[in-house]
Amino acid sequence: MVLATNSDSEEHLHSTFASRYVRAVVPRFTMPNNSMPKDAAYQVISDELMLDGNPRLNLASFVTTWMEPECDKLIQESVNKNYVGMDEYPVTTELQNRCVNMIANLFHAPMGEEEAAIGCGTVGSSEAIMLAGLAFKRKWQQRRRAQGLPTDNPNIVTGANVQVCWEKFARYFEVELKEVKLSEGYYVMDPAKAVDMVDENTICVAAILGSTLTGEFEDVKLLNDLLAEKNTETGWDVAIHVDAASGGFIAPFLYPDLEWDFRLPWVKSINVSGHKYGLVYAGVGWIVWRTKDDLPEELVFHINYLGADQPTFTLNFSKGSSQIIAQYYQFIRLGFEGYKNIMENCMDNARRLREGIEMTGKFDIVSKDIGVPLVAFSLKDSSKHTVFEIAESLRKFGWIIPAYTMPADAQHIAVLRVVIREDFSRGLADRLITHIIQVLKEIDGLPSRVAHLAAAAAVSGGEVKTAKMSLEDITKYWKRLVEHKRNIVC
(Lines give C-alpha, C1' and ligand atoms only; values in the text may rest on other atoms or scores of the structure.)
Protein backbone atom coordinates (compact mmCIF):
# COMPACT_ATOMS: atom_id res chain seq x y z
CA MET A 1 0.00 0.00 0.00
CA VAL A 2 1.45 3.35 -1.02
CA LEU A 3 -1.03 5.53 0.81
CA ALA A 4 -0.63 6.22 4.52
CA THR A 5 -3.95 7.58 5.72
CA ASN A 6 -4.68 9.14 9.09
CA SER A 7 -8.05 10.42 7.96
CA ASP A 8 -9.68 11.45 4.70
CA SER A 9 -8.79 15.07 5.36
CA GLU A 10 -5.19 14.32 6.35
CA GLU A 11 -4.31 11.85 3.60
CA HIS A 12 -0.69 12.06 2.57
CA LEU A 13 0.20 10.96 -0.93
CA HIS A 14 3.40 8.94 -1.37
CA SER A 15 2.93 7.92 -5.00
CA THR A 16 0.62 9.95 -7.21
CA PHE A 17 0.10 7.44 -10.00
CA ALA A 18 -0.42 4.56 -7.55
CA SER A 19 -3.22 6.39 -5.77
CA ARG A 20 -6.96 6.09 -6.22
CA TYR A 21 -7.14 9.65 -7.52
CA VAL A 22 -5.83 8.73 -10.96
CA ARG A 23 -8.48 6.00 -11.23
CA ALA A 24 -11.44 8.11 -10.18
CA VAL A 25 -13.32 10.31 -12.64
CA VAL A 26 -12.87 13.98 -11.80
CA PRO A 27 -16.24 15.75 -11.49
CA ARG A 28 -17.01 18.11 -14.36
CA PHE A 29 -20.25 19.77 -13.36
CA THR A 30 -20.50 19.56 -9.58
CA MET A 31 -18.03 20.15 -6.79
CA PRO A 32 -16.67 16.89 -5.32
CA ASN A 33 -17.88 15.91 -1.87
CA ASN A 34 -14.41 15.19 -0.49
CA SER A 35 -10.98 16.80 -0.61
CA MET A 36 -7.91 15.33 -2.28
CA PRO A 37 -4.19 15.85 -1.53
CA LYS A 38 -2.64 18.93 -3.08
CA ASP A 39 -0.11 16.97 -5.15
CA ALA A 40 -2.85 14.76 -6.58
CA ALA A 41 -4.96 17.81 -7.47
CA TYR A 42 -1.97 19.37 -9.19
CA GLN A 43 -1.21 16.22 -11.16
CA VAL A 44 -4.80 15.70 -12.29
CA ILE A 45 -5.03 19.24 -13.65
CA SER A 46 -1.52 19.22 -15.10
CA ASP A 47 -2.27 16.02 -17.00
CA GLU A 48 -5.36 17.53 -18.60
CA LEU A 49 -3.49 20.69 -19.55
CA MET A 50 -0.95 18.63 -21.49
CA LEU A 51 -3.59 18.37 -24.21
CA ASP A 52 -3.53 22.13 -24.78
CA GLY A 53 -1.52 23.45 -27.68
CA ASN A 54 2.01 24.77 -27.13
CA PRO A 55 1.73 28.58 -26.65
CA ARG A 56 5.09 29.16 -28.34
CA LEU A 57 3.81 27.39 -31.47
CA ASN A 58 0.47 29.19 -31.40
CA LEU A 59 1.07 31.44 -34.39
CA ALA A 60 -2.58 32.47 -34.49
CA SER A 61 -2.16 34.80 -31.55
CA PHE A 62 -0.54 38.21 -31.22
CA VAL A 63 -0.35 37.75 -27.45
CA THR A 64 3.04 37.46 -25.72
CA THR A 65 4.05 33.91 -24.76
CA TRP A 66 7.53 34.47 -23.28
CA MET A 67 9.08 36.84 -20.75
CA GLU A 68 12.38 36.89 -18.92
CA PRO A 69 12.66 34.87 -15.66
CA GLU A 70 13.26 38.05 -13.67
CA CYS A 71 9.93 39.43 -14.86
CA ASP A 72 8.24 36.09 -14.17
CA LYS A 73 9.50 36.43 -10.62
CA LEU A 74 8.07 39.96 -10.27
CA ILE A 75 4.75 38.70 -11.58
CA GLN A 76 4.65 35.90 -9.03
CA GLU A 77 5.60 38.26 -6.20
CA SER A 78 2.76 40.65 -7.05
CA VAL A 79 0.06 38.17 -8.06
CA ASN A 80 -1.82 38.72 -4.78
CA LYS A 81 -2.07 42.50 -5.14
CA ASN A 82 -5.42 43.93 -6.20
CA TYR A 83 -4.77 46.72 -8.68
CA VAL A 84 -7.78 48.71 -7.50
CA GLY A 85 -6.33 49.13 -4.01
CA MET A 86 -4.61 52.40 -4.83
CA ASP A 87 -4.37 53.55 -1.24
CA GLU A 88 -3.07 50.18 -0.05
CA TYR A 89 -0.65 49.74 -2.98
CA PRO A 90 0.43 53.28 -3.85
CA VAL A 91 3.67 52.22 -5.55
CA THR A 92 1.78 49.96 -7.94
CA THR A 93 -0.50 52.88 -8.77
CA GLU A 94 2.54 55.06 -9.37
CA LEU A 95 4.00 52.45 -11.74
CA GLN A 96 0.75 52.44 -13.71
CA ASN A 97 0.85 56.24 -13.98
CA ARG A 98 4.45 56.10 -15.17
CA CYS A 99 3.45 53.61 -17.88
CA VAL A 100 0.59 55.86 -19.02
CA ASN A 101 2.94 58.84 -19.26
CA MET A 102 5.57 56.85 -21.16
CA ILE A 103 2.98 55.63 -23.66
CA ALA A 104 1.46 59.10 -24.07
CA ASN A 105 4.89 60.55 -24.81
CA LEU A 106 5.63 57.71 -27.23
CA PHE A 107 2.42 58.66 -29.06
CA HIS A 108 3.28 62.40 -29.04
CA ALA A 109 0.49 63.54 -26.73
CA PRO A 110 0.58 67.36 -26.37
CA MET A 111 1.74 67.56 -22.74
CA GLY A 112 3.95 69.91 -20.81
CA GLU A 113 7.06 68.59 -19.06
CA GLU A 114 5.35 68.30 -15.67
CA GLU A 115 1.88 67.55 -17.02
CA ALA A 116 0.40 64.11 -16.34
CA ALA A 117 -1.07 62.13 -19.21
CA ILE A 118 -4.75 61.18 -19.31
CA GLY A 119 -5.22 57.42 -19.51
CA CYS A 120 -5.33 54.16 -17.62
CA GLY A 121 -4.46 50.49 -17.70
CA THR A 122 -7.09 47.98 -18.77
CA VAL A 123 -7.35 44.21 -19.03
CA GLY A 124 -6.75 44.50 -22.77
CA SER A 125 -7.58 46.55 -25.84
CA SER A 126 -11.19 45.38 -25.80
CA GLU A 127 -11.86 47.18 -22.53
CA ALA A 128 -9.82 50.15 -23.72
CA ILE A 129 -11.96 50.42 -26.86
CA MET A 130 -15.16 50.25 -24.81
CA LEU A 131 -13.91 53.16 -22.67
CA ALA A 132 -12.84 55.20 -25.70
CA GLY A 133 -16.16 54.58 -27.42
CA LEU A 134 -18.09 55.63 -24.32
CA ALA A 135 -16.11 58.85 -24.13
CA PHE A 136 -16.87 59.65 -27.78
CA LYS A 137 -20.54 58.80 -27.35
CA ARG A 138 -20.88 61.01 -24.27
CA LYS A 139 -19.07 63.95 -25.94
CA TRP A 140 -21.37 63.62 -28.96
CA GLN A 141 -24.44 63.57 -26.70
CA GLN A 142 -23.25 66.69 -24.90
CA ARG A 143 -22.80 68.58 -28.17
CA ARG A 144 -26.18 67.48 -29.51
CA ARG A 145 -28.04 68.41 -26.32
CA ALA A 146 -26.36 71.81 -26.25
CA GLN A 147 -27.68 72.36 -29.79
CA GLY A 148 -31.16 71.09 -28.92
CA LEU A 149 -30.78 68.08 -31.23
CA PRO A 150 -31.80 64.43 -30.67
CA THR A 151 -29.28 61.92 -29.29
CA ASP A 152 -31.06 58.67 -30.08
CA ASN A 153 -29.19 57.49 -33.19
CA PRO A 154 -25.40 57.52 -32.72
CA ASN A 155 -23.17 55.67 -35.18
CA ILE A 156 -19.51 54.83 -35.54
CA VAL A 157 -17.62 54.34 -38.81
CA THR A 158 -15.05 51.53 -39.15
CA GLY A 159 -13.65 49.21 -41.76
CA ALA A 160 -15.09 45.71 -42.11
CA ASN A 161 -11.66 44.46 -41.00
CA VAL A 162 -12.03 45.62 -37.39
CA GLN A 163 -11.64 43.21 -34.49
CA VAL A 164 -14.82 41.82 -32.97
CA CYS A 165 -14.54 44.09 -29.92
CA TRP A 166 -15.82 46.97 -32.07
CA GLU A 167 -18.94 44.98 -32.89
CA LYS A 168 -19.34 44.28 -29.18
CA PHE A 169 -19.06 47.97 -28.35
CA ALA A 170 -21.69 48.87 -30.93
CA ARG A 171 -24.11 46.20 -29.74
CA TYR A 172 -23.57 46.59 -25.99
CA PHE A 173 -23.77 50.40 -25.99
CA GLU A 174 -26.41 50.80 -28.71
CA VAL A 175 -24.36 52.48 -31.40
CA GLU A 176 -24.92 51.76 -35.09
CA LEU A 177 -21.83 50.23 -36.70
CA LYS A 178 -21.24 51.56 -40.22
CA GLU A 179 -18.62 49.42 -41.94
CA VAL A 180 -16.58 50.29 -45.01
CA LYS A 181 -16.55 47.10 -47.08
CA LEU A 182 -13.29 45.60 -48.30
CA SER A 183 -12.38 44.52 -51.82
CA GLU A 184 -10.01 41.98 -53.28
CA GLY A 185 -6.45 43.28 -52.94
CA TYR A 186 -7.47 46.07 -50.53
CA TYR A 187 -8.12 44.67 -47.08
CA VAL A 188 -8.19 47.81 -44.93
CA MET A 189 -10.56 50.73 -44.55
CA ASP A 190 -10.55 53.22 -47.44
CA PRO A 191 -10.32 56.68 -45.76
CA ALA A 192 -12.30 58.41 -48.53
CA LYS A 193 -15.16 55.89 -48.29
CA ALA A 194 -15.10 56.18 -44.50
CA VAL A 195 -15.45 59.97 -44.55
CA ASP A 196 -18.27 59.67 -47.09
CA MET A 197 -20.18 57.59 -44.51
CA VAL A 198 -19.77 60.18 -41.75
CA ASP A 199 -22.89 62.13 -40.84
CA GLU A 200 -24.12 64.35 -38.01
CA ASN A 201 -24.72 61.28 -35.82
CA THR A 202 -21.20 59.87 -36.15
CA ILE A 203 -19.46 59.80 -32.78
CA CYS A 204 -16.04 58.98 -34.29
CA VAL A 205 -14.19 57.12 -37.02
CA ALA A 206 -12.06 54.18 -35.89
CA ALA A 207 -8.78 53.59 -37.72
CA ILE A 208 -6.73 50.42 -37.28
CA LEU A 209 -2.97 50.54 -36.91
CA GLY A 210 -2.27 46.91 -37.66
CA SER A 211 -5.20 45.02 -39.14
CA THR A 212 -5.90 41.67 -37.49
CA LEU A 213 -6.33 40.13 -40.94
CA THR A 214 -3.18 41.26 -42.74
CA GLY A 215 -1.18 43.40 -40.26
CA GLU A 216 -1.49 46.43 -42.55
CA PHE A 217 -1.57 49.98 -41.15
CA GLU A 218 -4.52 52.11 -42.25
CA ASP A 219 -3.77 55.59 -43.58
CA VAL A 220 -4.62 57.66 -40.50
CA LYS A 221 -2.96 60.78 -41.93
CA LEU A 222 -5.19 60.80 -45.01
CA LEU A 223 -8.23 60.06 -42.84
CA ASN A 224 -7.35 63.01 -40.59
CA ASP A 225 -6.97 65.40 -43.56
CA LEU A 226 -10.23 64.30 -45.23
CA LEU A 227 -12.12 64.45 -41.96
CA ALA A 228 -10.75 67.92 -41.22
CA GLU A 229 -12.13 69.12 -44.56
CA LYS A 230 -15.54 67.62 -43.89
CA ASN A 231 -15.70 69.06 -40.38
CA THR A 232 -14.86 72.50 -41.78
CA GLU A 233 -17.55 72.21 -44.43
CA THR A 234 -20.28 70.95 -42.10
CA GLY A 235 -19.38 72.44 -38.73
CA TRP A 236 -19.25 68.96 -37.17
CA ASP A 237 -16.58 67.77 -34.75
CA VAL A 238 -16.19 64.14 -35.75
CA ALA A 239 -12.85 62.87 -34.46
CA ILE A 240 -10.67 59.76 -34.78
CA HIS A 241 -9.87 56.93 -32.44
CA VAL A 242 -6.83 54.84 -33.39
CA ASP A 243 -7.02 51.17 -32.50
CA ALA A 244 -3.29 50.53 -32.19
CA ALA A 245 -3.70 47.24 -30.32
CA SER A 246 -1.10 45.52 -32.48
CA GLY A 247 0.78 48.38 -34.13
CA GLY A 248 1.13 50.85 -31.27
CA PHE A 249 4.35 49.29 -30.00
CA ILE A 250 5.70 48.75 -33.53
CA ALA A 251 5.25 52.02 -35.44
CA PRO A 252 7.19 54.27 -33.00
CA PHE A 253 10.26 52.01 -33.23
CA LEU A 254 10.23 50.92 -36.89
CA TYR A 255 8.42 53.82 -38.60
CA PRO A 256 9.08 56.93 -36.46
CA ASP A 257 8.21 59.33 -39.29
CA LEU A 258 4.80 57.79 -39.91
CA GLU A 259 2.10 60.20 -38.74
CA TRP A 260 -0.72 58.23 -37.15
CA ASP A 261 -0.87 59.38 -33.53
CA PHE A 262 -1.48 62.61 -31.59
CA ARG A 263 0.60 64.52 -34.10
CA LEU A 264 -2.64 64.53 -36.09
CA PRO A 265 -5.09 67.04 -34.57
CA TRP A 266 -8.26 64.95 -35.02
CA VAL A 267 -6.85 61.90 -33.24
CA LYS A 268 -8.40 62.16 -29.77
CA SER A 269 -7.67 58.74 -28.22
CA ILE A 270 -5.48 55.70 -28.81
CA ASN A 271 -5.54 52.19 -27.38
CA VAL A 272 -2.66 49.73 -27.40
CA SER A 273 -2.24 46.19 -26.11
CA GLY A 274 0.53 45.74 -23.59
CA HIS A 275 0.09 41.99 -23.94
CA LYS A 276 0.83 42.03 -27.67
CA TYR A 277 3.91 43.89 -28.87
CA GLY A 278 4.14 45.60 -25.49
CA LEU A 279 5.72 42.22 -24.63
CA VAL A 280 3.69 41.36 -21.51
CA TYR A 281 1.66 38.22 -20.83
CA ALA A 282 -2.09 38.34 -21.48
CA GLY A 283 -4.10 40.72 -19.30
CA VAL A 284 -2.98 44.31 -19.92
CA GLY A 285 -4.00 47.04 -22.34
CA TRP A 286 -3.80 50.83 -22.32
CA ILE A 287 -6.00 53.74 -23.32
CA VAL A 288 -4.66 57.29 -23.65
CA TRP A 289 -6.58 60.47 -24.44
CA ARG A 290 -5.18 63.52 -26.18
CA THR A 291 -6.20 65.97 -23.44
CA LYS A 292 -8.28 66.01 -20.27
CA ASP A 293 -11.15 67.61 -22.20
CA ASP A 294 -11.48 64.48 -24.37
CA LEU A 295 -12.51 62.35 -21.37
CA PRO A 296 -15.85 63.60 -19.99
CA GLU A 297 -15.60 64.08 -16.23
CA GLU A 298 -19.04 62.55 -15.72
CA LEU A 299 -17.65 59.16 -16.78
CA VAL A 300 -15.07 59.20 -13.99
CA PHE A 301 -16.25 57.76 -10.68
CA HIS A 302 -14.81 58.65 -7.29
CA ILE A 303 -14.76 56.14 -4.44
CA ASN A 304 -13.46 56.41 -0.88
CA TYR A 305 -14.32 53.12 0.79
CA LEU A 306 -10.81 51.74 0.27
CA GLY A 307 -9.29 54.46 2.45
CA ALA A 308 -8.95 57.56 0.25
CA ASP A 309 -10.60 59.34 -2.64
CA GLN A 310 -9.82 57.39 -5.81
CA PRO A 311 -10.91 58.30 -9.34
CA THR A 312 -11.77 55.26 -11.46
CA PHE A 313 -12.83 54.88 -15.08
CA THR A 314 -12.89 51.19 -15.96
CA LEU A 315 -15.52 48.62 -16.83
CA ASN A 316 -14.37 46.23 -14.14
CA PHE A 317 -13.13 46.83 -10.60
CA SER A 318 -10.81 44.26 -9.07
CA LYS A 319 -7.96 42.92 -11.18
CA GLY A 320 -4.38 41.80 -10.71
CA SER A 321 -1.43 44.17 -10.50
CA SER A 322 1.17 41.80 -11.90
CA GLN A 323 0.70 42.71 -15.57
CA ILE A 324 0.99 46.43 -14.83
CA ILE A 325 4.24 45.77 -12.98
CA ALA A 326 5.44 43.54 -15.82
CA GLN A 327 4.78 46.35 -18.31
CA TYR A 328 6.86 48.78 -16.29
CA TYR A 329 9.63 46.17 -16.08
CA GLN A 330 9.71 45.89 -19.88
CA PHE A 331 9.78 49.67 -20.33
CA ILE A 332 12.76 50.24 -18.04
CA ARG A 333 14.50 46.96 -18.89
CA LEU A 334 14.38 47.34 -22.67
CA GLY A 335 14.06 51.08 -23.21
CA PHE A 336 13.58 52.49 -26.70
CA GLU A 337 16.68 50.71 -27.99
CA GLY A 338 15.56 47.31 -26.74
CA TYR A 339 12.07 47.57 -28.18
CA LYS A 340 13.51 48.72 -31.50
CA ASN A 341 15.89 45.75 -31.64
CA ILE A 342 13.10 43.26 -30.88
CA MET A 343 10.75 44.72 -33.48
CA GLU A 344 13.53 44.67 -36.08
CA ASN A 345 14.21 41.01 -35.29
CA CYS A 346 10.50 40.22 -35.67
CA MET A 347 10.38 41.93 -39.05
CA ASP A 348 13.55 40.13 -40.23
CA ASN A 349 12.06 36.76 -39.29
CA ALA A 350 8.78 37.69 -41.00
CA ARG A 351 10.71 38.51 -44.18
CA ARG A 352 12.56 35.19 -43.98
CA LEU A 353 9.28 33.30 -43.60
CA ARG A 354 7.71 35.27 -46.44
CA GLU A 355 10.60 34.46 -48.76
CA GLY A 356 10.36 30.76 -47.93
CA ILE A 357 6.62 30.69 -48.56
CA GLU A 358 7.02 32.54 -51.87
CA MET A 359 9.71 30.05 -52.97
CA THR A 360 7.18 27.21 -52.87
CA GLY A 361 5.42 28.83 -55.83
CA LYS A 362 2.07 27.82 -54.34
CA PHE A 363 1.01 30.98 -52.53
CA ASP A 364 0.20 34.65 -53.04
CA ILE A 365 1.32 36.91 -50.19
CA VAL A 366 -1.57 39.03 -48.94
CA SER A 367 0.18 40.93 -46.13
CA LYS A 368 2.27 44.05 -46.74
CA ASP A 369 5.92 44.86 -46.06
CA ILE A 370 5.00 47.74 -43.74
CA GLY A 371 2.87 46.88 -40.74
CA VAL A 372 2.72 44.24 -38.05
CA PRO A 373 5.33 41.46 -38.42
CA LEU A 374 3.16 38.70 -39.83
CA VAL A 375 2.73 36.78 -43.04
CA ALA A 376 -0.75 36.28 -44.50
CA PHE A 377 -0.93 34.17 -47.65
CA SER A 378 -3.48 32.48 -49.90
CA LEU A 379 -3.28 29.53 -52.28
CA LYS A 380 -2.82 30.45 -55.92
CA ASP A 381 -4.90 27.43 -56.90
CA SER A 382 -7.69 26.30 -54.58
CA SER A 383 -9.38 24.02 -57.11
CA LYS A 384 -8.11 20.83 -55.45
CA HIS A 385 -7.17 21.74 -51.88
CA THR A 386 -7.79 24.63 -49.48
CA VAL A 387 -5.92 26.63 -46.87
CA PHE A 388 -8.12 24.94 -44.26
CA GLU A 389 -6.58 21.57 -45.18
CA ILE A 390 -3.10 23.04 -44.84
CA ALA A 391 -3.88 24.50 -41.40
CA GLU A 392 -5.31 21.16 -40.31
CA SER A 393 -2.29 19.22 -41.58
CA LEU A 394 0.23 21.54 -39.90
CA ARG A 395 -1.37 20.70 -36.55
CA LYS A 396 0.36 17.31 -36.52
CA PHE A 397 3.71 19.13 -36.21
CA GLY A 398 2.36 21.24 -33.32
CA TRP A 399 1.87 24.45 -35.35
CA ILE A 400 -1.34 26.37 -34.64
CA ILE A 401 -1.96 28.51 -37.72
CA PRO A 402 -5.41 29.96 -38.48
CA ALA A 403 -7.15 29.76 -41.82
CA TYR A 404 -10.01 32.17 -42.40
CA THR A 405 -11.94 34.09 -45.01
CA MET A 406 -11.86 37.84 -45.42
CA PRO A 407 -14.82 40.01 -44.34
CA ALA A 408 -17.33 41.61 -46.74
CA ASP A 409 -16.89 42.19 -49.67
CA ALA A 410 -13.89 39.88 -50.02
CA GLN A 411 -15.38 36.72 -48.51
CA HIS A 412 -14.16 34.60 -51.41
CA ILE A 413 -10.53 35.12 -50.34
CA ALA A 414 -9.29 32.51 -47.83
CA VAL A 415 -5.88 32.92 -46.20
CA LEU A 416 -3.44 31.50 -43.69
CA ARG A 417 -1.77 33.88 -41.25
CA VAL A 418 1.43 33.47 -39.22
CA VAL A 419 2.08 36.04 -36.48
CA ILE A 420 5.75 36.64 -35.69
CA ARG A 421 6.34 37.35 -32.00
CA GLU A 422 9.49 38.02 -30.01
CA ASP A 423 10.04 34.32 -29.27
CA PHE A 424 9.71 33.16 -32.90
CA SER A 425 13.30 32.64 -34.02
CA ARG A 426 14.93 32.23 -37.43
CA GLY A 427 15.31 28.53 -36.65
CA LEU A 428 11.58 28.16 -36.07
CA ALA A 429 10.87 30.07 -39.28
CA ASP A 430 13.04 27.65 -41.27
CA ARG A 431 11.41 24.67 -39.57
CA LEU A 432 7.92 25.98 -40.39
CA ILE A 433 8.88 26.48 -44.04
CA THR A 434 10.08 22.86 -44.16
CA HIS A 435 6.82 21.63 -42.67
CA ILE A 436 4.71 23.71 -45.07
CA ILE A 437 6.59 22.21 -48.02
CA GLN A 438 6.09 18.73 -46.58
CA VAL A 439 2.36 19.31 -46.14
CA LEU A 440 2.04 20.59 -49.71
CA LYS A 441 3.67 17.41 -51.03
CA GLU A 442 1.41 15.24 -48.89
CA ILE A 443 -1.88 16.85 -49.92
CA ASP A 444 -0.83 16.93 -53.58
CA GLY A 445 -0.73 13.14 -53.39
CA LEU A 446 -4.21 12.93 -51.88
CA PRO A 447 -7.58 12.94 -53.66
CA SER A 448 -9.04 16.40 -54.01
CA ARG A 449 -11.21 17.21 -51.02
CA VAL A 450 -12.64 20.14 -52.93
CA ALA A 451 -13.90 17.78 -55.63
CA HIS A 452 -15.31 15.51 -52.94
CA LEU A 453 -17.09 18.39 -51.25
CA ALA A 454 -18.39 19.62 -54.60
CA ALA A 455 -19.77 16.18 -55.39
CA ALA A 456 -21.35 15.89 -51.95
CA ALA A 457 -23.02 19.26 -52.35
CA ALA A 458 -23.95 18.85 -56.01
CA VAL A 459 -27.38 17.61 -55.03
CA SER A 460 -29.03 19.69 -52.34
CA GLY A 461 -32.70 19.49 -51.42
CA GLY A 462 -33.40 17.59 -54.63
CA GLU A 463 -31.98 20.34 -56.81
CA VAL A 464 -28.88 19.66 -58.88
CA LYS A 465 -26.28 22.39 -58.58
CA THR A 466 -23.67 23.29 -61.15
CA ALA A 467 -20.80 20.83 -61.43
CA LYS A 468 -18.27 23.41 -60.38
CA MET A 469 -18.87 24.92 -56.97
CA SER A 470 -17.64 28.41 -56.35
CA LEU A 471 -14.60 28.79 -54.13
CA GLU A 472 -16.76 30.76 -51.72
CA ASP A 473 -19.22 27.85 -51.32
CA ILE A 474 -16.42 25.36 -50.75
CA THR A 475 -14.73 27.65 -48.28
CA LYS A 476 -17.94 28.03 -46.29
CA TYR A 477 -18.35 24.25 -46.23
CA TRP A 478 -14.78 23.80 -44.98
CA LYS A 479 -15.21 26.44 -42.32
CA ARG A 480 -18.20 24.61 -40.90
CA LEU A 481 -16.38 21.29 -41.13
CA VAL A 482 -13.30 22.35 -39.18
CA GLU A 483 -14.75 25.09 -36.99
CA HIS A 484 -14.27 23.01 -33.84
CA LYS A 485 -10.56 22.62 -34.64
CA ARG A 486 -9.78 26.15 -35.71
CA ASN A 487 -8.45 28.96 -33.58
CA ILE A 488 -10.40 32.20 -33.56
CA VAL A 489 -8.56 35.04 -35.29
CA CYS A 490 -7.37 37.14 -32.37
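This is a predicted model: local features need pLDDT of at least 70, side-chain atom pairs count only at pLDDT 80 or more; totals for chains, interfaces and linings use all residues.
User: Leaving aside neighbours within four places in sequence, which residues is serine 367 in contact with?

Analyst: One of them lies 153 residues away along the chain: the C-alpha atoms of serine 367 and threonine 214 are separated by 4.8 Å. Setting aside neighbours within four places in sequence, the contacts of serine 367 are Thr214, Arg354, Leu374, Val375 and Ala376.

User: How many residues of strand β13 are buried?

Analyst: Strand β13 spans residues 374-379 and is mostly covered. The number of its residues that are buried is six of six.

User: Which residue of β15 is the bridge partner of leucine 374?

Analyst: Let's take the pairings of β13 in turn. With β12, β13 pairs in the antiparallel sense over three bridges, and there phenylalanine 363 has leucine 379 of β13 as its bridge partner. With strand β15 (residues 414-419), β13 runs antiparallel and is joined by four bridges. In that pairing, the β15 partner of leucine 374 is valine 419.

User: How are α10 and α11 oriented to each other?

Analyst: The axes of helix α10 (residues 387-394) and helix α11 (residues 426-444) come within 10 Å and cross at roughly 120°. The crossing is right-handed. The contact is made by Ile390, Ser393 and Leu394 of α10 with His435, Ile436, Val439, Leu440 and Ile443 of α11, and by class it has six nonpolar, two polar and no charged residues. As for direction, α10 and α11 are therefore oblique.

User: How many charged residues does the contact of α2 with α9 have?

Analyst: Helix α2 (residues 69-77) and helix α9 (residues 322-359) have axes that come within 8 Å and cross at roughly 150°, which makes α2 roughly antiparallel to α9. Glu70, Cys71, Leu74 and Ile75 of α2 meet Ser322, Ile325, Ala326 and Tyr329 of α9. By class, this contact has six nonpolar residues and one polar residue, and the number of charged residues is one.

User: Which strands stand at the edges of the seven-strand open sheet?

Analyst: The order of this open sheet is β3-β9-β8-β7-β6-β4-β5, with mixed pairing. An edge strand here has a single partner strand, so one side of it is left without a neighbour in the sheet. The strands at the edges are β3 (118-122) and β5 (176-180).

User: What share of the chain's residues count as buried?

Analyst: Stepping back to the whole chain, the secondary structure comes to 13 helices and 17 strands. Of the contacts with a separation of 6 or more, 70% are between residues 24 or more positions apart. Of the 490 residues, the share that count as buried is 50%.

Notes: Residues are numbered from 1 along each chain as its sequence is written. Side-chain values use heavy atoms; hydrogens and water are left out. Axes are lines fitted to C-alpha atoms, for helices over the stretch in contact, and angles run from 0 to 180 degrees between N-to-C directions. Helices (H or I, at least four residues) and strands (E, at least two) are DSSP runs, numbered from the N terminus. Angles under 35 degrees count as roughly parallel, over 145 as roughly antiparallel, 65 to 115 as roughly perpendicular and the rest as oblique. Contact means heavy atoms within 4.5 Å. Ala, Val, Leu, Ile, Met, Phe, Trp, Tyr, Cys and Pro count as nonpolar, Asp, Glu, Lys and Arg as charged, and the others, Gly among them, as polar. Buried means under 20% relative accessible area, exposed over 50%, partly exposed in between (1.4 Å probe, protein chains only). Two strands pair if DSSP finds at least two bridges between them. A crossing is left-handed if the near helix is turned anticlockwise from the far one by less than a right angle, and right-handed if clockwise.
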